[in-house]
Number of protein chains: 2
Amino acid sequence: MPLSEFSLIDRFFAHRARAHAGTATSPAATLGIGDDCALLAPRPGELLAVSTDMLVEGRHFLPDTDPHALGHKALAVNLSDLAAMGAKPRAFTLALALETPRETWLTAFADGMFELAERFGCELVGGDTTRGPLNLCLTVFGDVPVGAALRRDGAQAGDDIWVSGTLGDARAGLALLRDEWPGAPHGKEGSAQVDDAAFLHRALERPEPRVALGLALRGLAHAALDISDGLAGDLMHILERSRVSAIVDVDAVPRSSALQKLPRDTQLRCALAGGDDYELCFTAPPDARRAIAAAGERARVAVTRIGTITALRDAAGAPSIAWHDAAGAPLSLTLHGFDHFNAD
Amino acid sequence: MPLSEFSLIDRFFAHRARAHAGTATSPAATLGIGDDCALLAPRPGELLAVSTDMLVEGRHFLPDTDPHALGHKALAVNLSDLAAMGAKPRAFTLALALETPRETWLTAFADGMFELAERFGCELVGGDTTRGPLNLCLTVFGDVPVGAALRRDGAQAGDDIWVSGTLGDARAGLALLRDEWPGAPHGKEGSAQVDDAAFLHRALERPEPRVALGLALRGLAHAALDISDGLAGDLMHILERSRVSAIVDVDAVPRSSALQKLPRDTQLRCALAGGDDYELCFTAPPDARRAIAAAGERARVAVTRIGTITALRDAAGAPSIAWHDAAGAPLSLTLHGFDHFNAD
């Protein structure tokens, strides 16, 4: 039997949102689901950080993606934007279009979403459901003290460039799912190859938003963003907004042991231009190195220095990234046109 | 040439958002488009009202809808939620999926959206664009003083029930576009029939959010919402949230002269169960009648009393609407199953 919009909201979303609100010591909203608007109370001395992301089937996820993983990822990529701003998650709205609401699918989707939401104390406060080609649009809200936000426009010449975690795994996971690399080893069950494939697949489907790291970087990082479209493109956003350039040592870019089993060119393409990483890229002055290492330890995620911010050659010049290897030789690798999810 | 995401945001949206911010005396956001998040500053003594709506091609608008009208409507239906809450529009985000970005389409869409946004001082602060089946997801933000929001749960027995404007026009406009009523008169150009059709078509495509009325009803209305799914269904939301029932005189429900030329049953179906009206339905005590009439005059929209809120028969009872005509006879009309946009 088809589910109407209202029973769908009640059965799969509103109930769990209310249940969660009931147990929270500090509710996200003065008024949540069930009225024309949710009402969020301001917090003295804090700004409200807002971000919205739309995920489309076939574009951001494959049609047969596990709905539990999809619920996780839809919220994770939005929480990643809050993390990149140094904002503490508070609430979110969900707009959902789907063709044929199925109970098993919706249950798993809601489970994946709420498990992550509850882990970060982020409450569903409103939404919209409709029929249509599968589309998930979330808007997230977080709190950040006035003046503490990690913006893109604060990088300074001399800053170190850092990234969290390892890069390129999600892109490699996508390639394995799409069978893009026919020569890639397919091992027996329980073998190292199968473990590696599962690791890369998980990186694609269950990214971990670096919320704790974002909070720990307040007051330390000069600039930050999350890597969703690949390091090369995203670092360029910091450079353009900050009017600086960068030098990056590609051999310093952290890669997982699973990724390191692939050919070097593939590793670098995935790590430098692959999408869907959701790690943080940030810049900070060299005298913050010890504090940043400590912040990474507190947040339980590796943080790695990969390069340096440099001044533009002249004030009217265009920002650029100079890639080199560990020996100092310029990188010879075409990154342009390496397609991935999120590529438009 | 296909437009990439970044040039698309810059060319059609970010530029106009910044231009608008530059002229605003009170900018909506501390930080707008171009970072991971927008940053909204709290306003002392005010809550932030948040609402999100998703519009899907074929479900909420016809595939050949004029893009200027679509830009208008996508924002209008969201502003209508703020109006229904008594909130003053401040900002919005836009997430947009479209298959083939075309410059003429995007220019017209942005024009329609920004013309309305600028009229209400509502600033674009963030968004997302991607390829996919046409889908528009907006999230709007408005300000409302603590305790002043027009909620759904405040209706009291003895309250008058009011609606703004005229109801049913958008549903009749949809029927004409779909040619649902083959017997409906099609007049010659310049004739009254053509004028009526244009009026009904305009009601469907260019709803006017009742923002000024919503603001004027602060402190007067006990409960309010906007009519998006039809009076019958939407009034029931107030009844359920307020634990009351209602009596409605169907002959008092305001209908335009264009609608009144249709058969009486059709008029009533459109006015009572048609979707896409975006008028306000609200309740208020009888001693507020003069103040409400004055509020309607200030807001330049008709306000009409259509019925009365009554107590539930017993505390455990289900809310219900008793429909009668001007002579007091119960209405004999099946409203259930009268489909329209937004029907799921």
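This is a predicted model: local features need pLDDT of at least 70, side-chain atom pairs count only at pLDDT 80 or more; totals for chains, interfaces and linings use all residues.
Q: Which element is A:D53 found in?
A: A:D53 is part of strand β2 of chain A.

Q: And what does A:D53 touch, leaving out residues up to four places away in sequence?
A: Within chain A, the list has A:V77, A:N78, A:D81, A:L136, A:C137 and A:L138. From chain B, A:D53 touches B:D128.

Q: What about A:T52, buried or exposed?
A: A:T52 is buried, at a relative accessible area of 5%. A:T52 is also found in strand β2, which runs over residues 46-56 of chain A.

Q: Where does the backbone oxygen of A:L138 lie relative to the side chain of A:T52?
A: The backbone oxygen of A:L138 is 3.1 Å from a polar atom of that side chain.

Q: Which residues does the "binding site" annotation cover?
A: In the unreviewed UniProt entry, that annotation covers A:T52, A:D53 and A:D128.

Q: Switching to the two chains: what rotation superposes chain A on chain B?
A: A rotation of 180° with 0.0 Å of shift along its axis does that, with an RMSD of 0.0 Å. The two copies are therefore related as by a two-fold rotation axis.

Q: Which residue of chain A comes closest to the rotation axis?
A: A:P42, with its C-alpha at 2.6 Å. The same surface serves both copies, as 98% of the contact residues of chain A recur in chain B.

Methods:
Residues are numbered from 1 along each chain as its sequence is written. Chains are lettered from A and ligands numbered from 1 in the order in which they are written. Side-chain values use heavy atoms; hydrogens and water are left out. UniProt positions are given in the numbering used here, feature names are shortened, and annotations may be inferred rather than shown by experiment. Helices (H or I, at least four residues) and strands (E, at least two) are DSSP runs, numbered from the N terminus. Buried means under 20% relative accessible area, exposed over 50%, partly exposed in between (1.4 Å probe, protein chains only). A polar contact is a pair of N or O atoms within 3.5 Å; within protein, one must be able to donate a hydrogen and the other to accept it, and residues adjacent in sequence count only if both atoms are side-chain atoms. Contact means heavy atoms within 4.5 Å. Copies are superposed by least squares on the C-alpha atoms of residues with pLDDT of at least 70 in both.
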